[in-house]
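Open the model in your viewer and keep the selection panel at hand.

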Amino acid sequence: MARIIVVSNRVAVPNRDGGARAGGLEVVLRSFLKRNQGVWFGWSGRTVPKGEEAIRQVKHSGVTYITTDISRADFQDYYNGFANRMLWPILHYRLDLVEFTNRDMAGYLRVNEMFADRLQSFLKPDDVIWVHDYHFLPLAKALRDRGVDNKIGFFLHIPFPRTDILTALPKHERIILSLCHYDLVGFQTDNDANNFADYLTDECRMPSRDRRTFIAGIRTMRIGVFPVGVEMAEFERLGRRASKVASVREVVRSLADRSMIIGVDRLDYSKGIGLRMRAFEHFLGNYARWRGAVTYLQITPRSRSDIREYADMERRIDETVGRVNGHYGEAAWTPIRYVNRSHSRTALAGLYRSSRAALVTPLRDGMNLVAKEYVAAQDPQDPGVLILSRFAGAAVECQAALLVNPYDQEAMAAAIDQALSMPLDERKARHGSLVKVLSENDIKHWGSRFIAALTRPAPVATLPRAAAASYLAAAE
Ligand code: F6P
């Protein structure tokens, strides 16, 4: 069997970084590699002076972890700059937050070239390469330029917007069209995949066989939809066990019989945390009978704090929490408990199971695994209610949740009231439907589905190679 090389910016190297920090991408890739072994290659998490970037290799439970340092200057341009001040906002439909500089873009391309060099140095001819997320859109092109002809797939964990938003990215062809050097490009939802196909067809006039198969130079590039899932049965077991853990019991005791609503998000503007807190403020204002009877726990580890927009947002959220607690709180009751510390997956599973409702209301999200994990962790005999943004990728599968528009605070307040008042029969019915759908797409099958699609023989191109190649050459 061919060796699988997974490439992502973050790598969850065992015994480092405390697992507690792990975001969605690390969780799903860890789960994939646990089953398939192979190599996981990416950033070491360290920034160092230029010229001192080291490569490290460790082996653990059959997986080889290869990581590289990045120089401080490169990291600033590549990660804090182009990836997170240009690509992240634009792909999350936030043109108002975009900040483009040629210097950041050059840094992003430079780091992709550096990753291609390092990856090529340990590549074998029949390795299958699987690249993840917006940090590495042009990595396949950098590898192809070096003569690498292996199968290379790409999966985007975050949303992919419509052409009219995407084309606000200066020199978008240089970055987006370079995706055509992959053999397979995967997305979370049909909507994302269709937006990419529209971009290639309408903006780039790329020749195609159908909406999922494009003729890209000498290769055929296919588009697929692979929604990320969670380990349903394992997470239910974890929730059951974790609800008995001392730290979780202490939280429950401290509620003094009040219901708990939970929110868990990285501190990121895409998560809609500020609007959600304002909706909770409306809820306390409009549904007075719940005052003193419900506590909203928002767990929000800090993230990307070196970027100005993140620091500004942190200050605004702090102000909102202070205002709501000051206005509605009592000596014996704090309406919003706001915690910036990250929690282990076990603690989260226990807290999910102990919460009457979850507020997962991003303004835009590729998938959102908190939504799915909340459902998985519930007690089927007494489940809580998922309140979910219609703009999260998870909404496609989670139609039985209470779907809300995160911009409509009155409607969100009504949804909170509905969730807290919902009779047991309805809670069970909604939970049963959610578990059924989510179990059909358990994360166990996600990676193998992608690799099977990637390694399937490509359909034969219908355009003369030279003509097809000119579409890509024009963009470079
Ligand atoms: O897909 C986006 C994502 O990789 C998430 O999976 C993860 O939670 C987050 O971004 C981590 O961001 P960063 O690597 O910048 O801390």
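Predicted model: local features only at pLDDT ≥ 70, side-chain atom pairs only at ≥ 80, totals over all residues.

**Stop 1: the ligand and its shell**

Select the ligand and the residues around it. The shell holds 12 residues, and the closest are Arg 10, Leu 25, Tyr 79, Asp 133 and Arg 304. By class, the shell residues divide into four nonpolar, three polar and five charged. Colour helix H1 (24-36) and helix H2 (72-91) next: each supplies at least two residues of this shell.

Now show the side chains of Tyr 79, Asp 133 and Arg 304. Which distances separate their polar atoms from the ligand? For Tyr 79, a side-chain N or O atom is 2.4 Å from an oxygen atom of the ligand. For Asp 133, a polar side-chain atom lies 2.9 Å from a ligand oxygen. For Arg 304, the distance from a side-chain N or O atom to an oxygen atom of the ligand is 2.8 Å. Taken alone, the ligand exposes 390 Å², and the protein buries 88% of that.

**Stop 2: Arg 304 and its loop**

Stay on Arg 304 and display its backbone. Arg 304 sits in the loop between strand E12 (294-299) and helix H11 (308-328). Its phi is near 45°, a positive value in a residue other than glycine. Is Arg 304 buried or exposed? Arg 304 counts as buried because its relative accessibility is 14%, and the cut-off for buried is under 20%.

**Stop 3: the sheet**

Hide the side chains and switch to a cartoon. An open sheet of 10 strands runs in the order E3-E4-E2-E1-E5-E6-E7-E10-E9-E8, with mixed pairing. Strand E3 (55-60) and E8 are the edge strands, each pairing on one side only. On average, neighbouring strands of this sheet are turned by 20° against each other, direction ignored.

For a parallel pair, select strand E1 (residues 4-8) and strand E2 (residues 38-48), which are joined by four bridges. Within this pair, Ser 8 stands opposite Gly 42 in E2.

**Stop 4**

Move to strand E8 (residues 208-210), which runs antiparallel to E9 and is joined to it by two bridges. The two form a hairpin with two residues between them, and Asp 210 stands opposite Thr 213 in E9.

Ile 215 stands opposite Thr 220 in E10. E9 and E10 form a hairpin as well, with two residues between them. In that turn, Gly 217 has a positive phi of about 65°.

Show the side chains of E9 (residues 213-216). In a regular strand, side chains alternate between the two faces of the sheet. Here Thr 213 and Ile 215 lie on one side and Phe 214 and Ala 216 on the other. All four are buried, which leaves both faces of E9 covered.

**Stop 5: Ser 61**

Finish in the loop between E3 and strand E4 (63-71), where Ser 61 is placed. The phi of Ser 61 is near 45°, a positive value in a residue other than glycine. Ser 61 counts as exposed because its relative accessibility is 60%, and exposed means over 50%.

Definitions and conventions:
Residues numbered from 1 in each chain as written. Heavy atoms only, no water. Buried < 20%, exposed > 50% of the residue type's maximum accessible area, 1.4 Å probe, protein only. Pairing = 2+ DSSP bridges. Near = heavy atom within 4 Å. Polar contact = N/O pair within 3.5 Å; in protein donor to acceptor, adjacent residues only side chain to side chain. Areas by Shrake-Rupley, 256 points an atom, 1.4 Å probe, with all protein chains shown as cover. Nonpolar A, V, L, I, M, F, W, Y, C, P; charged D, E, K, R; others polar. Axes fitted to C-alpha atoms, helices over the stretch in contact; angles between N-to-C directions.
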